[in-house]
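Please report on how this chain is held together. Cover the charged pairs, the strands and the nonpolar core.

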Amino acid sequence: MLAELMNLPTLGIENLFSTLQDLTPAHSITNSFNSVRSILAWTFVSPGAEIFQIGSLRLKWYGLLIATAVLIGVNLSMRLARSRQVDPESIADLSIWLVLGAIPCARLYYVAFEWQTYARHPDQIIKIWEGGIAIYGAIIGGSIAAIIFAKLKQISFWQLADIVAPSLALGQAIGRWGNFFNSEAYGSRTDLPWKLYIPTERDYFHPTFLYESLWNLIVFGILMWFFIDNNRHHRLKTGSLFLVYLIAYGIGRFGIEGLRTDSLMLGSLRISQVVSLVGIAIGTLGLLWLYIRQRNLPDVLDSSQ
């Protein structure tokens, strides 16, 4: 049953325009429809993975975007921490732990599910600048690093998670464009007005990098709205924001992953869809625990505190 759920057929988005056009009774409506289609039309074509090269020094869009996402995320989190009366310097310190935990785990996660390829070319494992990291691996690694950091500093893990959650969503929205420049992580073939051209395939595909980037911006907006509203009215319990992130991101990722042609697989299952369902379940159970059971989430702080 789970295998069938993971491989649900994608919606017939490509047929939507032609179907609506067949239903229009007048040429004027059809012409208006075609005008709308022209406005929506946008073909994405990567200019290449490299920004420039000087000798052996190469600057790639992928690395630049990740670095930009980290810098913006750290600055935003420090501002949000200040509004929660949390020392911003602790967030600056946490960011180092997050990078050290997230990036290696993101790579290991990817390599583990692509082991047949990397087993033949082990020298490629360390070449993270070539692409090939998994956001769920980064979330898992970053969460482990944050738990250790919170325990050592005796700070609530869930309070830190709430502060970092909006930056995480925003960082993902920025980082997804690295897939565009690398011409990777795209969906199935499409003739929609908006599409991604892959030169090596000489065809057009769903720009799933764009779908996820836009979805992450929506998640970011939702989290910021909750964060600001909570600062005014104190309606949220500690941990709520991160749990909402798990649910919201998981829902979008589950759907978008179904369009992709390069999903990491576990047998016949798309591993990111499996992990998305786990994240949605954790987020839902956590919110039920907070607001139905009226209990606090287990934390790293000593019970005496």
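R176, E212, R253, E257, R260 and D262 are linked in a network of salt bridges. A salt bridge here is a side-chain nitrogen of Lys or Arg within 4 Å of a carboxyl oxygen of Asp or Glu. By this rule the count comes to nine salt bridges. This is a predicted model, where local features need pLDDT of at least 70 and side-chain atom pairs count only at pLDDT 80 or more, while totals for chains, interfaces and linings use all residues. Residues are numbered from 1 along each chain as its sequence is written, and side-chain values use heavy atoms, with hydrogens and water left out.

| Salt bridge | N to O distance |
|---|---|
| E212 and R176 | 3.2 Å |
| R253 and E212 | 3.8 Å |
| D262 and R260 | 3.0 Å |

**The charged network**

Start with E212 and R176, which form a salt bridge. E212 lies in helix α10 (residues 208-233) and R176 in the loop between α8 and α9 (177-181), so the pair ties together parts that are 36 residues apart in sequence. Helices are DSSP runs of H or I with at least four residues, strands are E runs of at least two, and both are numbered from the N terminus.

E212 also meets R253 in a salt bridge. This pair links distant parts of the chain, with R253 in helix α11 (residues 240-257) and E212 in helix α10, 41 residues apart.

Are these side chains buried or exposed? Both R253 and E212 are buried. Buried means under 20% relative accessible area, exposed means over 50%, and partly exposed is in between (1.4 Å probe, protein chains only). R176 is buried too, at a relative accessible area of 13%.

D262 and R260 form another salt bridge of the set. D262 has a relative accessible area of 31%, so it is partly exposed. R260 counts as buried because its relative accessibility is 11%.

**Around R176**

What else does the side chain of R176 join? It makes a polar contact of 2.6 Å with the side chain of N179. A polar contact is a pair of N or O atoms within 3.5 Å; within protein, one must be able to donate a hydrogen and the other to accept it, and residues adjacent in sequence count only if both atoms are side-chain atoms. The side chain of E212 also makes a polar contact with that of R176, at 3.2 Å.

Leaving aside neighbours within four places in sequence, R176 is in contact with residues including I135, F209, Y249, R253 and R260.

S272 is found in helix α12 (residues 271-291). With a relative accessible area of 5%, S272 is buried.

**Strands**

Three strands form an open sheet in the order β1-β4-β5, with mixed pairing. Two strands pair if DSSP finds at least two bridges between them. β1 (42-45) and β5 (203-205) stand at the edges, each with a single partner strand, so one side of each is left without a neighbour in the sheet. Strand β4 (residues 194-198) pairs with β5 in the antiparallel sense over three bridges. I198 has D203 in β5 as its bridge partner.

Elsewhere, strand β2 (residues 50-54) and strand β3 (residues 57-60) pair in the antiparallel sense over four bridges. Q53 stands opposite R58 in β3. The hairpin of β2 and β3 has two residues between the strands, and G55 takes a positive phi near 65° there.

In soluble globular proteins, nonpolar side chains tend to be buried together. The largest nonpolar core here has 63 residues, and those with the most contacts inside it are L223 and Y245. Helix α8 (residues 157-175) gives the most to this core, with 10 residues. A nonpolar core is a set of buried Ala, Val, Leu, Ile, Met, Phe, Trp, Tyr and Cys residues joined through side-chain atoms within 4.5 Å.

Which residues does L223 contact, leaving aside its neighbours within four places in sequence? They are A165, P166, A169, L241, V244 and Y245.

Note on methods:
Contact means heavy atoms within 4.5 Å.
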